[in-house]
Structure formats: C-alpha cells, structure tokens
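This report walks through one protein model for a reader who has not seen it before.

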Amino acid sequence: MSEKTRTPIGRIVAASLIGTTIEWYDFFLYGSAAALVFPALFFPKSDPLTGTLLAFLTYAIGFIARPLGALVFGHYGDRLGRKKLLVISLLLMGGATFLIGCLPTHAAIGAAAPLLLTLLRLVQGFALGGEWGGAVLIVSEHGSAERRGFWASWPQSGAPGGNLLATAVLAVLAAVQTDEAFQSWGWRIPFLLSGVLVLLGLWIRLSISESPIFQQAVANAEPAPKMPIVEVFRHHWRDVLTAIGARFAENVSYYVLTAFVLVYATEAAGLAKGFVLNAVLIGSAVHFFSIPLWGALSDRLGRRPVYLLGAAGVGVWAFAFFPLIDTRSFAAVTLAVTVGLVLHGAMYGPQAAFFSELFATRMRYSGVSIGAQLASVVAGGLAPLIAVALLGAYDSAFPVMLYVAGAAVLTLITVFVSRETRGRDLADLTRVADTAPASRES
C-alpha cells in the first residue's frame, strides 16, 4: 500500500482502541454480572458462595474457548490479513453479548438457562481469543520501531476502557434502581447496549487499511505457511513459552483486582455493591491512562525492565491490597484497586510490542494469539475461581495473596531469562533466523 493510501497511525490506534474497548466491555460485563447477579438468576438452588463459584465457572469457560479462537483467527489472520478477522471478532462478541441480555433465567426455563449462558460465554471467549492478537498487531505493524511500545499500548487500554464502561453502566444502574429492579430486569440493559456499540466499532474498523507489513510480506511473495500454528511451535516454541510466562502474573493479578474484588468486598468485607463498583471505576480510569505511559517508558528503557517492575510490584502489593479492602474505607479501597492496576499496567503496557517483536510476520498473528491465550486459560480464567475457592476454604485472604505472589514469581523468572526485543524492525522479521539473535539489554 502506498504512503498516500496508508491510514495514519493515529486513526489506526483509535480504531483498535474503540474496537477493543467494546469487546472488553462485553467480556468484563459478564465477569461483573457473574459476581453480582448471575448466581441468583441462573444458579438459584445453591448457597450464595457456591452460586458465585458456579457463575465464575461459566466465566472461566469463556477463557477455555480463547485458545481455540486464537488458533482459528491466527491461522486466517496470517494467511488473509489482520483487518478481516478483526471485523469478524467484533461481530461475534457483540452478538453473543446482546443475546445474553435476552436470555430467560432459571426461573423461566430451568436448567436450559445456565446451559445457554455457558454457550454464549464460549462464543465470547472464542471471539476475544482472536481479537487481542489482531488488534495489537495492526497497530504494531503500522507504527515505527522507535515508538512501537507507546502506540501498541493503546489497544491494551481497551481492557480498562471496557471495564470502565461496563462498571460505569452497572454503577449507574445500581444508583438509579432498587436491588429488586436490577435483579429483575435492569441487569439486561448493559448487555443489550452492546448491539449499539458494535455498530459503532464496525463502522470504524471497516474504514482502516490493512497492516502494511503484512501487505509487504505478501508483495514480496513471502510464502504463507499452510498451518501457521505448526510453524510457530516448530520454530518459536521458546517465544510461546515466554509469552505464557510473561502473561501469567498480568492475567492473575488483573482478574483478582477487578473481578474477585467484587466478591471479596461484598461477601467478606460486607461492603455495598455500588461502593465497590465506584472504587473499581476510579481505578480503571487511572489504569486506562497509565498503560500508554508504561508503553512509552518501554521505548526508552526496554520491554524487560518495565515488565519486571510491574510483576514485582503486583506480587508485593497483593499483601497490602486485601488489608486495605478490610478497612471498609472508600479512600483505602480505591487506593488498593488503583495502585494495583497501575502496577499491572507496567506489564500490560509493554506487552503488545514485546510479544509482537517475538514472531516472524507470516506467523505473528498465530504466535502472539496462542501464546497469550494459552496463558489466559490457566491464569485469568481460573483466577477468580481459585480465589473464591481459597476464600471459601480458609476464610482468609492470605492464601489469595500467596497465589498472586506466586504468579508474580513465575513471570519474574520468565521475563528475566528472556531477551530484549526493543527496536526490532518487524518488516525484517520474515525468517526464523531473523528472530534468533537479540540482546538481553536492560
């Protein structure tokens, strides 16, 4: 594509950010609902904690579908391009979320209700598994190497942006409705709203250009692997392990900070739902803006040192997080969530550029997606479930603190032994040999 028809980087970033915000809104909305309303509506015969556990089990199922989405979207994204797959992922996610808002509850159709809920959650996970890799790649492959960490971190801000939007809608509804009204029909409004948001995201995504680096690879007749994922595991298996290990603490900490906190604060600390939602709302707003700052810092210092700071930070902060929640002070709870999310941003900000710089062009979508999403199953998907189980078994937050700290240690080791990737020219990463040499500068 010529420079004249190439979409400006700012517009590419805006399209990716808005699209990922909408998709994460859909995905996180489910997590909030799983903590607040799904136990009573879809698992009413269970005691409150068991009902929450079952709701989070369907939450985790969405993560199980993410590697499958990564595999399918990565395969076609490496063969056909990034843009087409991003449009499909948005339609799938938005459609599933809208239908969740239309679902009859257990009281209306019995056991079929949680089964349908689980099916739609699987579709959500499948779509998100393909979304993340494509969104970060289309920005990484448009921007320059010197500022890749900054530009590629903006789609990452779609996660707190989506969480911010989902939490804000829920907080408004909690403020203007009675608990009875919210439990009866109000919870459906945020899910149905997804239909409008998807139309907006679709219009924006259709207006941007394909990745120039992908187009260059096609123009240079660089062969597309028949099975990109096979080539990834053949030639990039160390890089896949790097992505999995690096993502572990990032995923575990995030879902403890944003999903499990709703359970702990309401069930263990006895706080009102609106109280906790407002704290998460403020934390997510700060998180949204901190991510690009960490990404920009990684352009100056390198991906590894910034990532290591974030992993160490969340591991240590876990031991302050729950005692602050226990104070039942709004300032303390907000501080707990906000600091935790800012430290999380030190991992999440550089992550898009870091992972993009690990893989060759015609297998990059598959490599980035499968590495990230395999971690999401055992890390993010199970984090709220494990945290709720630990709280139920020990009636204490201390085991959850150890769980987060253990995840941080795993990520610290992984990133420490990995190589620095800052400054790589993605257009030159066309052969396996090109991905081998790299310094471990820090």
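On a 1 Å grid over the protein atoms alone, a cavity is a set of points where a 1.4 Å probe fits but cannot get out, and a pocket is an open set with protein on both sides within 12 Å along at least five of seven lines; lining residues have an atom within 4 Å of a point. Grid points are joined across faces, edges and corners, and a volume is the space filled by probe spheres set on the points. By this rule there are three cavities of 30 Å³ or more.

The model is predicted: local features need pLDDT of at least 70 and side-chain atom pairs count only at pLDDT 80 or more, while totals for chains, interfaces and linings use all residues. Residues are numbered from 1 along each chain as its sequence is written, and side-chain values use heavy atoms, with hydrogens and water left out.

**Confidence**

pLDDT is the predictor's confidence in each residue, from 0 to 100. Its mean over the protein chain is 85, and 92% of the residues reach 70 or more. Over residues 432-442 pLDDT stays under 50; the model has 29 contacts beyond four places in sequence for these residues, where contact means heavy atoms within 4.5 Å.

**Cavity and pocket**

The largest cavity holds about 70 Å³ of space. Its lining is made up of S253, V256, L257, V314, W317, A318, F321, F322, G340 and V404. The largest share, five residues, comes from α16. By class, eight lining residues of the largest cavity are nonpolar, two are polar and none is charged. In this scheme Ala, Val, Leu, Ile, Met, Phe, Trp, Tyr, Cys and Pro count as nonpolar, Asp, Glu, Lys and Arg as charged, and the others, Gly among them, as polar.

The second largest pocket holds about 170 Å³. It is lined by R238, D239, L241, T242, L358, T414, V417, S418 and R419. Both α14 (237-268) and α20 (398-417) supply at least two of its lining residues, and α14 has the largest share with four. The lining of this pocket divides into three nonpolar, three polar and three charged residues.

**Aromatic pairs**

Rings of Phe, Tyr and Trp (its six-membered ring) pair if their centres lie within 6.5 Å; planes under 30 degrees apart count as stacked, over 60 as edge-to-face and the rest as tilted. The structure has 17 aromatic pairs. Two of them are set out below.

| Pair | Centre to centre | Angle between planes | Type |
|---|---|---|---|
| F275 and F330 | 5.4 Å | 85 degrees | edge-to-face |
| F321 and F322 | 5.0 Å | 85 degrees | edge-to-face |

F275 lies in helix α15 (residues 273-301) and F330 in helix α17 (residues 330-356), so this pair links parts of the chain 55 residues apart. F275 is partly exposed at 24% relative accessibility, and F330 is partly exposed at 33%. Buried means under 20% relative accessible area, exposed over 50%, and partly exposed in between (1.4 Å probe, protein chains only). F321 and F322 are both buried. Elsewhere, ring pairs join F150, W151, W154, F288 and F289 into a cluster.

Which residues of helix α12 (residues 212-219) are buried? They are P212, I213, F214 and A217. Their cover includes α4 (66-80), α5 (82-100) and α18 (364-378).

A224 sits in the loop between α12 and α13 (228-235). With a relative accessible area of 29%, A224 is partly exposed. Leaving aside neighbours within four places in sequence, A224 is in contact with R79 and R362.

**Positive phi**

Most residues other than glycine have a negative phi. R328, in the loop between α16 and α17, has a positive phi near 65 degrees. R328 is partly exposed, at 46% relative accessible area. D395, in the loop between α19 (383-394) and α20, also has a positive phi, near 50 degrees. At 68% relative accessibility, D395 counts as exposed.
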